[in-house]
Amino acid sequence: MPDELPDLTTTEALEHLVRRARGLGREPEHLPAGTPLLHEGRINRSLYILLEGTARQYKSDFRGGAIPVDFLGPGSLLGILSFWTGQPAFTESVAYTDLTVLRLDRDDFDRGVARDPEFTRLTQQLFVSNLSDRYRRVVGLNLEVAGLTRELEQERNALQDAIADLRETRNQLIHQEKLAVMGQLLAGIAHEINNPSAALMKSLELVTREMPNLFEEGSPEQRLFSAGFSAPYLSSEESRERMGELQQRYPALGRSLCRRLSRMNEESLNVLDPDLRKGKLETVARRTGIFEIGTALHGMTVAEERIRRLVRSVKSYSREENQESCSTHLEECIRDTLTVLNHRLKHYNLRLELADLPALHCCPGEINQIITNLLTNACDATEPGRTITIRTGASEEWVRVEVQDEGHGIPEELLESIFESTVTTKSGGADFGLGLGLAISRELAQKHQGTLTASNVPGGGALFRLELPLW
Amino acid sequence: MSETISILCVDDEPDVLDVVVRELASLEDTFPLETAGSAAEARECLDRLRRDGTGLGVIVCDHIMPGENGVDLLVAMAGDEQWRITRKVLLTGQAGLEATVRAINRAELAHYIAKPWENRELLHVVRRQLGLYIAARGLDPLPYLRHLEPGQAAALLRHMSDADR
């Protein structure tokens, strides 16, 4: 019985089959490379048994192109499905090299099966080995696809990470660039204010110096002028009380003159007392005017000092050389930053607990940037009128700056991630920046071999601590 | 005797408050000037005026101040029957659009003066607003005429004589 015969190798099986086919009147055919064997989508009535050479299968894709699917070698059956089922061919097959094939038609096959058990056995063996080959290939392909999918997935994740990194870097660069531009603008404005301010200061000095010489030595005018120059400022409350007293003392005086007199000390009032008693109000008004010139000059000097201090702070806050490391006093950084942020900080009760700190080798511009960021965050988080504390301290090896607010604190789970860019606890979107402040601040701290950490204070509020090594 | 009408000036910067008072000093003998260094102090002052039964014709108020800001104070006053009619002037260097819109819509802001202001601009504004206050209250303008803007004083007088007819 054919069943009991041992399986033959493919080559042997093909040789046997060629001999059997001869009995059916079929000879192997030689086809030159390029000969089409099967046309995709057409009915096929032949089974090709590949004896020598290589055939190639194509499958058309939805765009009409032909995609190479597989190479087939000796022992392969071509057209097996279309031949067997009568369905149109599923793929296109072309001779890739010169081929030797055995072509069997339906009729040959039926005759072979009917007459020759050996023919049946050989074709069956070929069918099975072809099918199992194809099956193995499908499994292999699936594995390959899975591997490729995994690789793609990994590549996609890596790409996404890279894009996120790039975006973050870009945002940080934009932010840094903005700060740099702002610094330049500030420095430019400070410089522009500086010149007229210096002129103003010189003129004020001159007027303050020369003014007393206009009056006779020891005259009431001269005394009133210098009293005016050193008169203390009265709060609204104090000035109201004082006005009340004066109105009692000199009932004939109008409110307006009373207000003007209210800033005078007793000594100056004594100077005016004779005129007041005699009702020489014109003289009183004129001499009060001289007192007020003194007050005004003093006011101008104070205002001018304020402008100069502001300009100095803005310059040292934003100057170019700040980008380089130098020996720095942290207290100066803090004071400069406080001046620059005064417009925001004046709404808060600011508590300074500044220890005596040793000088530190660092880049003041960047430390200013950190402190500015911590302070603006504290303002954003805290209701106006509440307290913001700035505390400094030092050990043998470290100096530290702490900024503590009385705001809503930081949710415990965000205490660390708040330093990542784009993590923000601030609501209200448009009012706020890119959520980069703390990320950049921490980076700047690390650049100085320092640390920037956050914690919550018992009783509410956040505490940010910047620690820098003394080296 | 004619009713006392005060003017209240609020600013946290003593220098600015000084300048404001100096500019308005010529009004003081007719319209007592009150000053406050913060919104809280202004509220105390309002309480005192309420107790004394003194009217408040005009409030000139800064916006950005420590503690309560100026616009909130003006909005609160607009909601208080006694101060609703007071003419409200915002004198500020840095009120944002939102605060300004709020002041106009919710506090019925009468005038907005940006710091720094032109010489005597504030005086003119306050005089005009005093006239409007007197007209709104239907008070006899005669005792105050000297301090009102000339055109306005004439209009007020005409209005008075029309009413008498």
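These exercises walk through a predicted model with chains A and B.

Local features here need pLDDT of at least 70, side-chain atom pairs count only at pLDDT 80 or more, and totals for chains, interfaces and linings use all residues. Residues are numbered from 1 along each chain as its sequence is written, while chains are lettered from A and ligands numbered from 1 in the order in which they are written.

**Exercise 1. Describe helix α1 of chain A and sort its residues into buried and exposed.**

Step 1. Find the helix. Helices (H or I, at least four residues) and strands (E, at least two) are DSSP runs, numbered from the N terminus. α1(A) covers residues 10-23, which is 14 residues.

Step 2. Check its span. The expected span is 1.5 Å times one less than the number of residues. From first C-alpha to last, α1(A) reaches 20 Å, close to the 20 Å expected.

Step 3. List the buried residues. A residue is buried if 20 or more other C-beta atoms lie within 10 Å of its own, exposed if 12 or fewer, and partly exposed in between; C-beta atoms are placed from the backbone. In α1(A), the buried ones are A:Leu14, A:Leu17, A:Arg20 and A:Ala21.

Step 4. Look down the axis. The buried residues of α1(A) fall within an arc of 125 degrees, so they line one face of the helix. The arc is that of the directions from the helix axis to the C-beta atoms.

Step 5. Turn to the other face. A:Thr11, A:Glu12, A:Arg19 and A:Arg22 are exposed there, on the face turned away from the buried side.

Step 6. Name the cover. Elements over the buried residues of α1(A) include β3 (46-52), β8 (99-105), α3 (106-115) and α4 (117-210) of chain A.

**Exercise 2. Work out which strands stand at the edges of the five-stranded open sheet in chain A.**

Step 1. Write the order. It is β10-β12-β13-β15-β14, with mixed pairing. Two strands pair if DSSP finds at least two bridges between them.

Step 2. Find the edges. β10 (349-353) and β14 (451-456) of chain A each have a single partner strand, so one side of each is left without a neighbour in the sheet.

Step 3. Neighbouring strands are turned by 15 degrees against each other on average, direction ignored. Axes are lines fitted to C-alpha atoms, for helices over the stretch in contact, and angles run from 0 to 180 degrees between N-to-C directions.

Step 4. Inspect one pair. β10(A) and β12 (387-394) of chain A are parallel, with five bridges. A:Leu350 has A:Ile388 in β12(A) as its bridge partner.

**Exercise 3. Describe the side of chain B that touches chain A.**

Step 1. Count. 14 residues of chain B are in contact with 13 residues of chain A. Contact means that C-beta atoms, placed from the backbone, lie within 7 Å.

Step 2. Locate. α1 (14-24) and β2 (33-36) of chain B are the elements that give two or more residues to this side.

Step 3. Classify. This side of chain B holds six nonpolar, three polar and five charged residues. Ala, Val, Leu, Ile, Met, Phe, Trp, Tyr, Cys and Pro count as nonpolar, Asp, Glu, Lys and Arg as charged, and the others, Gly among them, as polar.

Key: Two residues are in contact if their C-beta atoms, placed from the backbone, lie within 7 Å.
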